[in-house]
Amino acid sequence: VARTGYGSGQHSQHQHRGSIVLDRGWRYDLEVWVFDTFLVRGRITEIRRQVLDLAQLSAGQSLLDVGCGTGSVAIEAARRLDGSGRAVGVDPGPRQLDRARTKARRAGLPADFRQGVIEDLRFADASFDVVISTLMMHHLPDETRQSGLAEIRRVLKASGRLVVADFDYADRANGHTDGLLQLLADSGFLVVQEARVPFAKPHRGWSGVTVLAGQADRPTT
Ligand SMILES: C[S@@+](CC[C@H](N)C(=O)[O-])C[C@H]1O[C@@H](n2cnc3c(N)ncnc32)[C@H](O)[C@@H]1O
């Protein structure tokens, strides 16, 4: 299995229907900390903050974090909800979820973590005000990105907001950002806000991260 280079040690990752599943628990957090602190100088922390800022959460709202990993962003969302509303994370990796639950418990925050995949979200239609996805789209094959975005459309309320962050590739003329913009447009989302977090120098072919916020641009059929 190829390494993806961010939170992806050699041994605790596998492929599931073409998606690269990470299952590293606390080791994932350690790797992200090293990557963030020494290689990209706090940019990962900044991206996570941007995702939550663009989510524009307000009291009582419900948020779903798809591909939540060890739960860092969902737990921060629960902190912003301050005991109101609901923060839920799904990821296919059981060790990622165990670590997420431990962190939420230690922080005394009520985030709920469940095993699941973007292409088959086990939630009723129109369940969430906000869906976020941070640095996970590059783990998926094209067809799963499309079916996953359709699932997100389904579980989002009509007025709901989607925030997606993913890496830009330094060596692609049109970059990954255009692909992400196109994917959101094809999936029936209108991009309403955009933020870019560049790395000081490219790392493993990534020049930075783009964060897009979208809203449904037509009713779900
Ligand atoms: C690089 S990590 C990002 C985790 C977290 N969002 C963060 O920012 O720390 C990508 C995550 O996507 C998960 N993943 C892989 N395939 C998936 C799928 N089909 N559906 C949902 N999550 C998936 C992986 O298991 C991994 O935990």
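Phe-35, Phe-167, Phe-199 and Trp-206 form one aromatic cluster in this predicted model. Rings of Phe, Tyr and Trp (its six-membered ring) are taken to pair if their centres lie within 6.5 Å; planes under 30 degrees apart count as stacked, over 60 as edge-to-face and the rest as tilted. On this basis the structure holds 5 aromatic pairs. In one of them, the ring centres of Phe-167 and Phe-199 are 6.4 Å apart and the planes stand at 65°, so the pair is edge-to-face. Because Phe-167 belongs to strand E7 and Phe-199 to strand E8, this pair ties together parts that are 32 residues apart in sequence. Phe-167 also forms a stacked pair with Trp-206, at 3.8 Å centre to centre and with 5° between the planes. Since Trp-206 lies in strand E9 and Phe-167 in strand E7, the parts tied together here are 39 residues apart in sequence.

Burial was assigned from relative accessible area (buried under 20%, exposed over 50%, partly exposed in between; 1.4 Å probe, protein chains only). Phe-167 counts as buried at 0% relative accessibility, Phe-199 counts as buried at 7%, and Trp-206 is buried with a relative accessible area of 3%.

As this is a predicted model, local features need pLDDT of at least 70 and side-chain atom pairs count only at pLDDT 80 or more, while totals for chains, interfaces and linings use all residues. Residues are numbered from 1 along each chain as its sequence is written, and side-chain values use heavy atoms, with hydrogens and water left out. Helices (H or I, at least four residues) and strands (E, at least two) are DSSP runs, numbered from the N terminus.

The strands E7, E8 and E9 belong to an open sheet of 7 strands with mixed pairing, in the order E5-E4-E3-E6-E7-E9-E8. Two strands are said to pair if DSSP finds at least two bridges between them. Strand E5 (112–115) and strand E8 (189–203) are the edge strands, each pairing on one side only. From one strand to the next the twist averages 15°. Strands E7 (residues 156–169) and E9 (residues 206–216) run antiparallel and are joined by 9 bridges. Leu-162 stands opposite Gly-214 in E9.

Helix H3 (residues 72–81) lies across strand E3 (62–66), strand E4 (86–91), E5 and strand E6 (128–134), and runs at about 175° to E4. Axes are lines fitted to C-alpha atoms, for helices over the stretch in contact, and angles run from 0 to 180 degrees between N-to-C directions.

Strands E1 (residues 13–16) and E2 run antiparallel, with 4 bridges between them. The bridge partner of Gln-13 in E2 is Leu-22. The hairpin of E1 and E2 has 2 residues between the strands, and Arg-17 takes a positive phi near 45° in this hairpin. Strand E2 (residues 19–22) is covered on both faces: Ser-19 and Val-21 are buried on one side, and Ile-20 and Leu-22 on the other. In a regular strand the side chains alternate between the two faces of the sheet.

Helix H1 (residues 26–39) packs against helix H2 (residues 43–55) at an angle of about 110°, with the axes 7 Å apart. H1 is therefore roughly perpendicular to H2 (under 35 degrees is roughly parallel, over 145 roughly antiparallel, 65 to 115 roughly perpendicular and the rest oblique). Contact means heavy atoms within 4.5 Å. Tyr-28, Val-32, Phe-35 and Asp-36 in H1 meet Arg-43, Ile-44, Thr-45 and Arg-48 in H2. By class, this contact has 4 nonpolar, 1 polar and 3 charged residues (Ala, Val, Leu, Ile, Met, Phe, Trp, Tyr, Cys and Pro count as nonpolar, Asp, Glu, Lys and Arg as charged, and the others, Gly among them, as polar).

Asp-29 also lies in helix H1 and counts as buried at 14% relative accessibility. Leaving aside residues up to four places away in sequence, Asp-29 touches Thr-70, Ser-72, Arg-99 and Lys-103.

Most residues other than glycine have a negative phi. Arg-41, in the loop between H1 and H2, has a positive phi near 50° and is exposed, with a relative accessible area of 63%. Leu-135, in the loop between E6 and helix H5 (142–155), has a positive phi near 55° and counts as buried at 6% relative accessibility.
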